[in-house]
Amino acid sequence: MLLPLTYVCPHCAQASETSADPSQGSSQQYVEDCQVCCRPLLLRVGVEDGEAWAEASPESE
Ligand SMILES: [Zn+2]
């Protein structure tokens, strides 16, 4: 089951929605293109007790 996630793009400051797969572990990190400005960002995702959070930073960091 996927968990819904919201994060704020570090490039355009717009909120975007994505989803996390808890079966991939409680701490995940992957690169995704912003759905608004299409620039790459590094998404750090944590899953705990059936809830997910995400933190986005510029991919170049
Ligand atoms: Zn963006």
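Student: What makes the arrangement of the four donor atoms around the zinc ion tetrahedral?

Tutor: The four donor atoms subtend angles of 103 to 116° at the zinc ion, and four donors count as tetrahedral if all angles lie between 85 and 135 degrees, so the arrangement is tetrahedral. This is a predicted model, in which local features need pLDDT of at least 70, side-chain atom pairs count only at pLDDT 80 or more, and totals for chains, interfaces and linings use all residues. Residues are numbered from 1 along each chain as its sequence is written, and side-chain values use heavy atoms, with hydrogens and water left out.

Student: Which residues are the protein donors of the zinc ion?

Tutor: They are Cys 9, Cys 12, Cys 34 and Cys 37, each through SG, lying 2.3 Å from the zinc ion, where a donor is an N, O or S atom within 2.8 Å of the metal (3.2 Å for Na, K and Ca). Their spacing in sequence is C-x2-C-x21-C-x2-C.

Student: Why is Cys 34 called buried?

Tutor: Buried means under 20% relative accessible area, exposed over 50%, and partly exposed in between (1.4 Å probe, protein chains only); Cys 34 has 2% and therefore counts as buried. Cys 37, at 24%, is partly exposed.

Student: Why does Asp 49 count as exposed?

Tutor: Its relative accessibility is 77%, so Asp 49 counts as exposed. Asp 49 also has a positive phi near 50° while being a residue other than glycine. Ala 13, likewise not a glycine, has a positive phi of about 65°, and with a relative accessible area of 56% Ala 13 is exposed.

Key
Tetrahedral: all angles 85-135°; square planar, octahedral: opposite > 155°, others 65-115°.
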